[in-house]
Structure formats: C-alpha cells, structure tokens
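Colleague: I'm new to this one. Could you walk me through it?

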Amino acid sequence: MHRFISLAVAVISVSVARSQPVMLDDFESLEAWTAIPSDGVTASLQATDGVEGKALKLDFDFRQGSGFCVVRRAVPRDLPANYRFSFFVRGEGLPNNLEFKLVDPSGENVWWVNRRAFTLPSEWTRLSDKARHFRFAWGPSGGEKLEKLGFIEFAVAVAEGGKGSLCIDTLTFEELPPPEPVTKQPRLQFSSTSGDAKEITPDESGRLQWSSAPSDVQPVITVDFQQMREFGGLVLEWGPDGYGTDYDVSVSMDGKDWEPAAAVRGGNGGRDYVRLPDAEGRQVRIQVARTSGNDRVSLNGIRIQDAAFGESLNAMFRTVAGESPKGWYPRYFLQKQTPWTVVGVPEDRNEALVDVAGAVEVHKAGFRVEPFLRIGDRLVTWADVELAQGLAEGYLPVPSVTWRAPGLELEVTALADGEPGASEVLVRYRVKNTSSSDQAGQLLLAVRPFQVLPPWQDLYFSGGVSPIHAVACDESGVTVGSRRVAFDPRPEKAGATAFAGGEIVEHLAGGDLPARRSVEDETGLASAAARFPFALEPNGQYSVVATTPLHEGAAAEPAEAAFDARHRAVCDGWRTELNRVRLSLPPSGQKVADTFRSMLGYILINADGPAIQPGSRS
C-alpha cells in the first residue's frame, strides 16, 4: 500500500461556452497601483521587464520580522457566478505568504487566495484562481457572496520575512461557465484484458476486476467521463496480480491531445492517492511504464476525487486518514481537536510543540517526531492507548505525555535547555513494564512531514502538512535538511521512504522499516523511522532520548546519560523563576495557583524581546 501526490499539475481550459480573457492590467504603467506597507516594513514600486513589455516590481524588507506590504488598485466590475483571474509572477526572497485579494467597493470586505510560505519562482510563472478558490477573509458582511468588485490587492505577508522582491505581469479576468453537474457514469477502456471484456465500468463505489494481458508489458487505462468534468485526483486500488511501480497520468479534452498531469515513480502497490489540483477535462489516462515484475497488472478499483481533494495537501490527507486505520495519521486529519503545549527557554525566538499524544514538532512549520510501539505483530498508536498529560511538579513548563496499554506504559517527557539563540529540545521516551511477566517489543520513532499545529490554525501560515523533500538516516540519528534528530542509544535499525513507496506508518504496520537509508521526494512527503527493541522484566524500564537543536544549523548530540541531570537543572531554574511571587491560597485553590505560575512560564517562553507575544505559532 502506498500514497502518492502529483509531481506536476495539468490545468486544462474548457474551450466552449466562455468569454475570452479580459486584460485588467498589462503593467505598462504603474500609476493605478499604490503600495501600502505595515509598520516596520519598507516597500517601493518600480517598473521592470515583464513577460512582454513592462511589469510591476515590489521591493520589500521585513525589518522587524513581522508585518505585510500590499499593492492595490481600483478595478470596479460586476462578478459573474464563475470566473478566473490569472497573472504571472516571479521574484526572490525567503518563503512568505503571497495573498491575492478581491475587495468590495466599500473597501471593508475581503476575499482572498492565500499561498502560504510561497517561494517565488525565479522565472515567470502563471498562477490562476477560480471563484471557488477565494475564501472570505474579513469584513462586516460576514462572508456574503461577492457580486461587485471594487479593488484588487496583491500582498506579501511575513512567513520567514527578510528582504525580497515580487514581480507581477499580465493580470487577466475570464468569465467561466458554471461547472457541469456530474450526470454520467465514467467508462473505462483498457489497452488489453486477460478476459473477454473490452470495457469495464466500475460500480458506484469504484470497484472493478481487471487484469492486463500477459503480452501487454506497458498497459494503458483510460477513464472517459463522457462529459466535461473538474476533479481533484484519483484513488487507484491495485490488485494482487501485479501493479504499476512507474506510471504517468495525463488529461485530455478530446481523447487526442493529452497534457501531462502526474508521474508516479517507485510505487509499491496497494492503494495510490494521485492528487491533481484543478484538473479539468473529458478523459484521464494512466500509462504504466514499469510493473512490479509480474507478467501483468491488475486493478481492483478506481475512484474519481472531487475538486476539493486536490486543493491542498491537508485536504488530501483528510481523505487518506479517513480511509486508514485510526491512529496512523494525526488526529486533526480526522477533524479531532489536537491540544498542544509549547516547550522552550525564556526569551528565545524558537520553541517546540508537544501535542496531546506525545508528538513533537521540533521547530516552527517543521516536521514532527512521533512515537509508536510494536508488540508482537501489532502496531500500537495513540488511538490504541489511554492518554494522560501533565507538567513537572504540576506547574513547571516541562510537559509529559503517558501512554497506558495493558502491561506497558510509554512516558514522553520534553524539555528545552540552553541559552536563547542556542537552545535545544530533548525528548525522553521511557517504556515501563507494568505487568508481572516479561515484556518484549519495539519503540519506534517516526520523523514525518506533519506539524503538531493543526491545519485550522492558519492566521499567518497553515498547520498540518510540512514538506520533507529529503531525509537521511545514519547510525545515531535522522537528518531533515539542516535539522538533525540525534538518538541515544543508537537505533537497532533506521530507514527512509518516499511517499510513493509507502508512508512510513505503512512500513511500521507491516513489521519492518524501509531498506533505504536516505531518500529525496519531490512531493515533499518523505518520512523515516528508527527502531529500538526492548525486553523488560517486571517493573523494568527502557529509555531513548531524542535531541534536536531549536536553531537551524546547530549540532545535535545524543544525550541519554545527561537527561536526568538536565531535567533537574531545568526544573530548578523554572522553580526559581516562577516562585519570585508566592500566592497564599487555601488547598482548594492550589490548581489556580499552579495555573497562574504555569502561565507566567509560557509568557516568558513566548516572549521575543520586551514584547509579550500571543503565542509561538499562529
């Protein structure tokens, strides 16, 4: 079983029943545009070379590490029910939010498409936004349908900040026909079949039974929608007779001209999720270039996903998590609230997060380190245990999460130590045998492309998926980009996987780790895990400590032997800091006093200089 997200996206224009694009601005003159920076941000407008002729160039500098800068012009016009805006962009700078906004004539109600932590391309790239992509951002209307446009805004809002430039050219508007309702059942055509049928139509759930002929070494599967259709992706269920390890997906308006949409490489069979953002056409084709080694491939199901599936990685994983065993993926993909707490040192700019199930997000918008247990042939996840959370001594900001399963407990304790600007987070995973007999199993620590921050917390950037494009394992740790997680003791085995080869939880559930030690994944969904076997007598314990710096480029050193001493020192420091003022309350008020002291600690952790910050993320 594996998952896959498209490497390329086909956006195919419907050629009938729509008006020609209208040029809203060719940017030969910038007189209509105004630059509006927030406090602490400098911004300037100038002309530059465009796709053809001139273009707008916005130079910006987030001098204080926060804020935004906006360019705005009046564009009064009526909006139809369905439409598309298109424009070209290029630029330079760190990833920041690129916002395209539609503002009503009052100037108070705003709808937007917010491309969070967007890396501006160095070459001119066309972006398009349809009516369904715009979300109500703010305003007194409360989100009433936008029928009259007053202004258009482009904004760069801080994600990573810094200096940079945004260039914009060829802003067009296009009226589109309403999307056609799906009224026809797709028909499937195959380049060959091992039976007599030449076409197979799946049932309403997408189930079918098909195998290619042995002589067909590169079979082709074509889905004919029998109408124009917008869709967001495919779900393929490969059968037991073989599967496509490498295959290409393309989309067509007429069955003659095809546009590439996705390329799967290194698949491992089972269920494939193929994400196709904004795909539109009459037919989609799957061309198998390489098989699993058998003389045929078989398909047991194919499902067409609606446009919402392809809108974001978070949207795709809501489907993936809903169709996977509970506990395989973060609970927020099941639309469950995911409480978390912050771990850091006073007045440091960087902090880690620990969620209610013991997953740790090692830096802002970063990956997570997530525990699993394997007992016998069973993978134990957060969904299989009783969970409990606490703070050291009831109020110190040193959190722990405890998993309780029959005969075993797993305690996850996180602390931050070091000076601001050079701190690190240490996480101890301690397995305890609470039974009267010997217990053996495995502690599994997975590095995954998900944040602790849930997707719906998205004021300045989106929670949920956080891309991992490259991950490498060695004898004592896992490295993601410039960040390293070091383990003590060393793992018995570690392995990495690209998404097409199966997300790491699939390998853990299957009882082994991937054979590869390092992978690169253009989809940004690489993952890895380390394995630590244990054999415990009654009341026995086994501990692993994961250490990672909270600042990019710093070294991570294994620290199991020093954890207890550092835990005591950190607690001593917090105890002194939070008890400078004492509250005298009756015993019934102890929780109030503890809460007060804890919140003082979190204020100090979240503070960046003299200002009190509202939180460590959004």
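Predicted model: local features only at pLDDT ≥ 70, side-chain atom pairs only at ≥ 80, totals over all residues.

Colleague: Which residues touch the most other members of the largest nonpolar core?
Modeller: That core has 46 residues. In soluble globular proteins, nonpolar side chains tend to be buried together. Here, the ones that touch the most other members are Tyr429, Leu443, Val471 and Phe487.

Colleague: Is helix H1 mostly covered or mostly uncovered, and what does the covering?
Modeller: H1 runs over residues 313-322, and eight of its 10 residues are buried, so to be counted there each has under 20% relative accessible area. Among the buried ones are Leu313, Met316, Phe317 and Val320. So H1 is mostly covered, and what covers its buried residues includes strand S19 (271-291) and strand S20 (298-305).

Colleague: How are helices H3 and H4 set relative to each other?
Modeller: H3 covers residues 563-578 and H4 covers residues 590-606, with their axes 10 Å apart. They pack at an angle of about 105°, and angles of 65 to 115 degrees count as roughly perpendicular. So H3 and H4 are roughly perpendicular to each other.

Colleague: Which class of residue, and how many of each, makes the contact of H3 with H4?
Modeller: H3 brings Trp574, Glu577 and Leu578. H4 brings Arg597, Leu600, Gly601, Leu604 and Ile605. By class, that gives five nonpolar, one polar and two charged residues.

Key:
Residues numbered from 1 in each chain as written. Heavy atoms only, no water. Buried < 20%, exposed > 50% of the residue type's maximum accessible area, 1.4 Å probe, protein only. Helix = DSSP H or I, 4+ residues; strand = E, 2+ residues; numbered from the N terminus. Contact = heavy atoms within 4.5 Å. Core = buried A, V, L, I, M, F, W, Y, C linked by side-chain atoms within 4.5 Å. Axes fitted to C-alpha atoms, helices over the stretch in contact; angles between N-to-C directions. Parallel < 35°, antiparallel > 145°, perpendicular 65-115°, else oblique. Nonpolar A, V, L, I, M, F, W, Y, C, P; charged D, E, K, R; others polar.
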